[in-house]
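Keep the sequence and the structure in view while reading.

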Amino acid sequence: MRPTTTRLKALAALSLPLLWTNTLLPAFHLNIRGRSAANAAFATAYAVTFRGRPNWFSPRGLAYGSAAAAVVLSGYAAALAIPSTRRHFAELADRGPDVHAAEWAGVHIPVGTVFSEELVYRATLDPVLEEAFGRPGEWLAALTFGLTHIQPARSVGDPVPATIAVTTLGGLLFTRLRRHTGSATAPALLHLAMNAGGAIAPILARLILSGQVSPDPT
């Protein structure tokens with residue numbers, strides 16, 4: 001494939017997630033179930049179109065991802081065991097969608113967020129940009145990931161520049177983990193632990209403070 005054609009393909013691959021997340025998906029005004037289904041469908045079509053390479057069943061990806069996820073979940077557990085951070089979690093506003101917490105953490109985060117985003121950004125966009133631009137492609141992929149969070153940040157009232165910065169750094173970490181393991185499984189497991197843990201920790205903190213759950217599992 002000629003370099004010009006490769007870069008045109010990369011620009012198309014870069015533009016579509018930005019258009020989808022910040023413009024098209026919000027225009028549908030879907031509920032959480034509709035958004036999860038739409039995101040998964042878009043991600044699948046995108047990966048087929050641009051020949052994504054998730055390599056989901058990589059033993060190396062599973063090993064690294066499990067280890068990274070365990071570190072994150074241990075951090076959440078430690079935070080919940082400390083009274084001051086437990087109170088901080090409990091005081092966070094409930095930003096969950098209008099579904100049961102179990103459905104949110106067990107279905108919508110894994111499918112609508114983690115599967116969809118890792119299939120688009122790490123399994124597909126990252127290799128396309130790497131082919132077109134070489135090493136700088138990983139920074140471009142991470143920045144694209146950050147920019148796709150503009151509309152979601154606005155919808156919940158989060159500061160947009162800070163959201164872009166944090167998600168870009170997260171995207172860079174996920175991208176490097178994908179490149180190190182050759183699989184989207186590793187960043188997907190880390191991504192899942194971070195998002196699901198962040199969704200569940202405030203709920204657990206409130207239950208602990210109400211006496212319904214003990215902070216000491218022993």
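## Salt bridges

How many salt bridges does a search of the whole structure find? The search finds nine. The model is a predicted one, and every value below is computed from it.

Side chains of opposite charge can pair when their charged atoms come close.

Asp 126 forms a salt bridge with Arg 178, with 2.3 Å between the closest N and O atoms. This pair also links distant parts of the chain: Asp 126 is in helix H5, Arg 178 is in helix H8 (residues 160–181), and 52 residues separate them. Are Asp 126 and Arg 178 buried or exposed? Both are buried. For Asp 126 the relative accessible area is 0%, and buried means under 20%, so Asp 126 falls in that class.

Asp 126 has a salt bridge with Arg 179 as well, at 3.1 Å from N to O. Arg 179 lies in H8 and Asp 126 in H5, so this pair ties together parts that are 53 residues apart in sequence. Salt bridges with shared partners join Asp 126, Glu 130, Arg 135, Glu 138, Arg 176, Arg 178 and Arg 179 into one network.

H8 has 22 residues and reaches 31 Å from its first C-alpha to its last. That is close to the 32 Å expected at 1.5 Å a residue. Just after H8 comes Gly 182, with a positive phi of about 70°.

For H5, a straight helix of 33 residues would span 48 Å, but the end C-alpha atoms of H5 are only 41 Å apart. Where does H5 bend? The bend is at His 108 and is about 45°, and a proline, Pro 110, follows within four residues. After H5 comes Gly 134, whose phi is positive, near 75°.

## The loop between H2 and H3

Most residues other than glycine have a negative phi, and most peptide bonds are trans. Arg 51 has a positive phi, near 60°, and sits in the loop between H2 and helix H3 (59–81). The relative accessible area of Arg 51 is 68%, and exposed means over 50%, so Arg 51 counts as exposed.

Asn 55 is in the loop between H2 and H3 too, and its phi is also positive, near 50°. Asn 55 has a relative accessible area of 40%, which makes it partly exposed.

## A nonpolar surface patch

Leu 16, Leu 19, Leu 24, Phe 28 and Leu 30 make a nonpolar surface patch of about 400 Å². Leu 16 is in helix H1 (residues 3–28) and counts as partly exposed, at 36% relative accessibility.

## The whole chain

The protein chain has nine helices and zero strands. Its C-alpha atoms fill a box of roughly 65 × 40 × 30 Å along the principal axes. Of its 218 residues, 43% count as buried.

What radius of gyration would a compact globule with 218 residues have? The value would be near 17 Å, and the protein chain has 18 Å, which agrees.

Definitions and conventions:
Residues are numbered from 1 along each chain as its sequence is written. This is a predicted model: local features need pLDDT of at least 70, side-chain atom pairs count only at pLDDT 80 or more; totals for chains, interfaces and linings use all residues. Side-chain values use heavy atoms; hydrogens and water are left out. A salt bridge is a side-chain nitrogen of Lys or Arg within 4 Å of a carboxyl oxygen of Asp or Glu. Helices (H or I, at least four residues) and strands (E, at least two) are DSSP runs, numbered from the N terminus. Buried means under 20% relative accessible area, exposed over 50%, partly exposed in between (1.4 Å probe, protein chains only). The expected span of a helix is 1.5 Å times one less than its number of residues. Patches are made of residues with over 30% relative accessible area and no salt bridge: like charges are joined within 9 Å, nonpolar side chains (Val, Leu, Ile, Met, Phe, Trp, Tyr) within 5 Å. Accessible areas come from the Shrake-Rupley method with a 1.4 Å probe; for residues, only the protein chains shown count as cover. The bend at a residue is the angle between axes fitted to the seven residues ending there and the seven starting there. The radius of gyration is taken over C-alpha atoms; the globule rule is 2.2 Å times the number of residues to the power 0.38.
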